[in-house]
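Dear colleague,

Here is the structure I promised to hand over, with the sequence alongside. Please have it open while you read, as my notes follow below it.

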Amino acid sequence: MANASANMNLMVKAARKAGRSLMRDFGEVENLQVSVKGPGDFVSKADRKSEEIIRAELTEARPNYGWVAEESDPVAGTDPTRRWIVDPLDGTTNFLHGLPHWAVSIALEYKSEIVAAVVFDPVKDEMFTAEKGDGAWMNDRRMRVSGRQDMIEMIIATGIPFASNPALPRHLRQTAQIAPACAGIRRFGAASLDLAYVAAGRYDGFWEISLKSWDKAAGILLIKEAGGLIEGMEKGENIIEHGGVICGSEPAFDKIAKRLRDA
């Protein structure tokens, strides 16, 4: 991306370094699939190691910023206006099963708004970045949301709640509203990449009922800077703090949101 800020260069460097560590570990996962114990413990260690790498890079350079991440307790920075929001390995279940679809997600929040975002897919070497007011990029290419107008031509992505999640019945009702109206539904298992793919125009829209701040923080800015719309599952919700999201290109968003909220 053109004219990247010092913070963006720092975020990209941290994501690449964590990505290299995760790629080495991902190479070992297949060997562990056949063991009785399975690769579960190994993968959670890989996840924590990735977080340690990112944290060391970011906090060394910006010791006064706050910190929120999946694998550790939040830390309030001495600068209360800025915090990092990090998912060191989004798509853990995919990683665990040897599926090559997972990512590192890093966002910078300033006064409750995301101002810089990185989602890095090390397997495909795709670096999705955005800074407020500077557009969204995939590697060196500018991203725009898709231009499809008719819902029957649209691919919509989602995240399906796990079996024990009480949100599952609601999700199935929503899917019943969306599936007959579009070209297909995809469930790839890494929300940060789902959001990045909407920004890149690969998906026309995405929804998920329940997400943590680190799952979506970077993706929120990617979509906005690529010309898309993103809201909470209910209108007016604080999108970073509350669970659900609906997003898409402008023509897709209105069609998807109406069906989901009616369900």
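Let me begin with strand β1 (residues 66-69), which is covered on both faces, since Gly66 and Val68 on one side and Trp67 and Ala69 on the other are all buried; strands here are DSSP runs of E of at least two residues, helices are runs of H or I of at least four, and both are numbered from the N terminus, while buried means under 20% relative accessible area, exposed over 50% and partly exposed in between, with a 1.4 Å probe and protein chains only. Please note that this is a predicted model, in which local features need pLDDT of at least 70 and side-chain atom pairs count only at pLDDT 80 or more, whereas totals for chains, interfaces and linings use all residues. Residues are numbered from 1 along each chain as its sequence is written, and side-chain values use heavy atoms, with hydrogens and water left out.

Strand β1 runs parallel to β3 (residues 82-90), joined to it by four bridges, and Val68 stands opposite Ile85 in β3; strands pair if DSSP finds at least two bridges between them. With β2 (residues 72-75), β1 runs antiparallel through two bridges, Trp67 stands opposite Val75, and the two strands form a hairpin with two residues between them.

Turning to the rings, there are seven aromatic pairs, a pair being rings of Phe, Tyr or Trp (its six-membered ring) with centres within 6.5 Å, stacked if the planes are under 30 degrees apart, edge-to-face if over 60 and tilted otherwise. The pair of Phe26 and Phe95 is tilted, because the centres are 5.1 Å apart and the planes lie at 50 degrees. Since Phe26 belongs to helix α1 (residues 6-32) and Phe95 to helix α3 (residues 92-96), this pair ties together parts that are 69 residues apart in sequence. Phe26 is buried at a relative accessible area of 14%, and Phe95 is buried at 0%.

Elsewhere, ring pairs link Phe128, Phe188, Tyr197 and Tyr203 into a cluster.

Finally, the largest nonpolar core has 39 residues, of which Phe128, Phe206, Leu222 and Ile230 touch the most other members; such a core is a set of buried Ala, Val, Leu, Ile, Met, Phe, Trp, Tyr and Cys residues joined through side-chain atoms within 4.5 Å. A second, separate core of 30 residues includes Ile53, Trp84, Leu108 and Val115.

With best wishes
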